[in-house]
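Let's take a walk through a protein together, going from the overall plan to one pair of packed elements. Have a look at the picture first.

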Amino acid sequence: MKTTDGAGSMIEIFNLLVDVWTEAFSWFVYPIRVPLLILAAIVVLWLVLRHVVPRAGGTADWTGTKLSALVATVLLAPEYACTLLILRQGRGIPLVLRMYGQWAENVSDWTKTAGQSLGRGMRACTRVSFKAVTAVMLVYLVGYNVHAIGSAEHPASQDAPVVVWWDSLQVWVDAPEHPLLEDGGTPAARPAGFRHPLTA
């Protein structure tokens, strides 16, 4: 029960953070708000990769070393006990037991190496460029809206975020005035004969 409550609390906190992030620029009109949110997401992701992730590299190294020792203890303990018993009986160690011991050592070494590699990769994030993060974000946005990009006539494409944003931008550009801040009014209707640039 406690585990479930803890998971529920984490989900609530995550949802709260998502709501705060979504409403961070809510005072701007939608056509301006979306690009600002995307730009802010790129900046935050870049800062996290450059300054937060590298600091956790040492933790990955430490975790890999400790987990390697734990894996070795759990996997090699039965092999060690069987080896002692066989030697006390004056028999030779079977090939299967030797192979198991070698496999257990390999798993332990791989665990340690994986932790060290992860730590090096995390520390290497200090060299991540802003252009690379921007490219990743753009690829993500394209993938998220791929159903809209594929066919403008598909019913689902009309509700895709890229379509809704382009629709609102067209209305905002065609309006007599171009307010930057929300005034509490209702959203503008979709213009007739709308076609967004990615499917034109």
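In what order do the elements of the protein run from the N terminus on? They run α-α-α-α-α-α-α. This is a predicted model, and in it the protein has seven helices and zero strands.

Now for the chain as a whole. Of its 200 residues, 23% count as buried. Among the contacts with a separation of 6 or more, 69% join residues 24 or more positions apart.

Helix α2 covers residues 30–52. With its 23 residues, α2 reaches 31 Å from its first C-alpha to its last, which is close to the 33 Å expected at 1.5 Å a residue. Its buried residues are P31, R33, V34, L37, A40, A41 and I42. As you look along them, keep in mind that an α-helix has 3.6 residues a turn, so residues three or four places apart point the same way.

How do α2 and α5 pack? Two packed helices are described by the angle between their axes and the distance between the axes. For α2 and α5 (residues 130–144), the angle is about 130° and the axes lie 9 Å apart.

Finally, zoom in on the side of α2 that touches α5. From α2 come I38, A41, I42, V43, L45, W46 and L49, and they meet F130, V133, T134, M137 and L141 of α5. The residues of this contact divide into eleven nonpolar, one polar and no charged.

How values were computed
Residues numbered from 1 in each chain as written. Predicted model: local features only at pLDDT ≥ 70, side-chain atom pairs only at ≥ 80, totals over all residues. Heavy atoms only, no water. Axes fitted to C-alpha atoms, helices over the stretch in contact; angles between N-to-C directions. Helix = DSSP H or I, 4+ residues; strand = E, 2+ residues; numbered from the N terminus. Contact = heavy atoms within 4.5 Å. Nonpolar A, V, L, I, M, F, W, Y, C, P; charged D, E, K, R; others polar. Expected span 1.5 Å × (residues − 1). Buried < 20%, exposed > 50% of the residue type's maximum accessible area, 1.4 Å probe, protein only.
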